[in-house]
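Here is a short report on one protein model and its ligand. Look over the sequence and the structure first.

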Amino acid sequence: MKVLEPEVIHHIQGGVLEGDNAEKYTKYYKEVKELYSGRREDDPVVYEVYSYTKGADVLGNLNWGLTVLKPVLIDSECNMTKGHFHVNKDCAEIYIGIAGEGLLLLMDEKGNTWAEKVYEGSLHHIDGKTAHRLVNTGDRDLKVGACWPTSAGHDYQAIQDKEFGYRIYKRGGKLEFAKRQDHVDELR
Ligand code: S6P
Ligand code: ZN
């Protein structure tokens with residue numbers, strides 16, 4: 001029997017994904033500056049996303065991902081990912097907190113917005129109809145693993161059309177949740 005080395009290694013303790021088939025992209029502040037209410041003059045890295053898959057065009061196959069969200073503040077607003085719905089609403093996703101502290105901001109199709117705390121070992125099942133965005137509320141990198149179907153697709157436009165209901169700020173070490181002007185919580 002052949003015993004093969006894995007194609008990709010996820011260095012859980014303090015590392016990232018490593019291997020020829022691991023992909024990575026880096027998001028800089030200026031690419032996503034419209035996400036935040038305030039502005040910065042510099043252009044720091046705001047997050048990095050690593051991913052691994054095989055046979056992305058085969059229905060039922062999965063992606064594994066790692067998001068590294070930097071602990072930067074933009075005029076007191078906590079750093080966040082763009083956030084998205086899945087194009088295919090049948091495709092759920094699982095997140096696992098690996099390091100750091102944050103919030104998983106969730107929003108249903110009506111715009112109801114709530115959050116789950118994210119920290120080492122926290123597990124999050126994200127329904128296929130629920131938009132999701134990570135927010136780093138801590139002082140170090142927030143690392144979150146993710147597993148989702150290759151057929152999910154990302155709908156970013158729906159978030160631009162109807163943003164998550166809350167912004168999250170950190171002032172004097174304390175979190176503040178600011179409801180967006182047009183937002184009405186119906187369920188929570
Ligand atoms: C993919 C999964 C994550 C995000 C990543 C960046 O379904 O949810 O890998 O892509 O956290 O977030 P975003 O919203 O910029 O794609
Ligand atoms: Zn997703």
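## Ligand contacts

Thr67 places a polar side-chain atom 2.7 Å from an oxygen atom of ligand 1. This is a predicted model: local features need pLDDT of at least 70, side-chain atom pairs count only at pLDDT 80 or more, and totals for chains, interfaces and linings use all residues. Residues are numbered from 1 along each chain as its sequence is written, chains are lettered from A and ligands numbered from 1 in the order in which they are written, and side-chain values use heavy atoms, with hydrogens and water left out.

| Residue | Distance from its polar side-chain atom to an oxygen atom of ligand 1 |
|---|---|
| Thr67 | 2.7 Å |

In total, 15 residues surround ligand 1. Each has a heavy atom within 4 Å of the ligand. Gly83 and Tyr156 are among the closest.

## Nonpolar cores

Tyr95 also belongs to the largest nonpolar core, which has 34 residues. Such a core is a set of buried Ala, Val, Leu, Ile, Met, Phe, Trp, Tyr and Cys residues joined through side-chain atoms within 4.5 Å. Buried means under 20% relative accessible area, exposed over 50%, and partly exposed in between (1.4 Å probe, protein chains only). Tyr36, Val46, Leu104, Leu134 and Val135 join Tyr95 as the residues with the most contacts inside this core. Strands E4 (45–53), E10 (102–107), E11 (113–118), E13 (131–136) and E14 (142–149) each supply at least two of its residues. Strands are DSSP runs of at least two residues, numbered from the N terminus. E10 gives the largest share, five residues. A second, separate core has six residues, including Val8, Leu17, Tyr50 and Ile98.

## A three-strand sheet

E11, E10 and E13 form an open sheet in the order E11-E10-E13, with antiparallel pairing. Two strands pair if DSSP finds at least two bridges between them. E11 and E13 are the edge strands, each pairing on one side only. E10 and E11 are joined over six bridges. Leu106 stands opposite Trp114 in E11.

## Leu73

Where is Leu73 placed? Leu73 lies in strand E6 (residues 73–74). Leu73 is partly exposed, at 34% relative accessible area. Beyond four places in sequence, Leu73 touches Arg40, Cys78 and Lys170; contact means heavy atoms within 4.5 Å. Cys91 is 18 residues from Leu73 in sequence and 32 Å away in space, C-alpha to C-alpha.

Note on methods:
Helices (H or I, at least four residues) and strands (E, at least two) are DSSP runs, numbered from the N terminus. A polar contact is a pair of N or O atoms within 3.5 Å; within protein, one must be able to donate a hydrogen and the other to accept it, and residues adjacent in sequence count only if both atoms are side-chain atoms.
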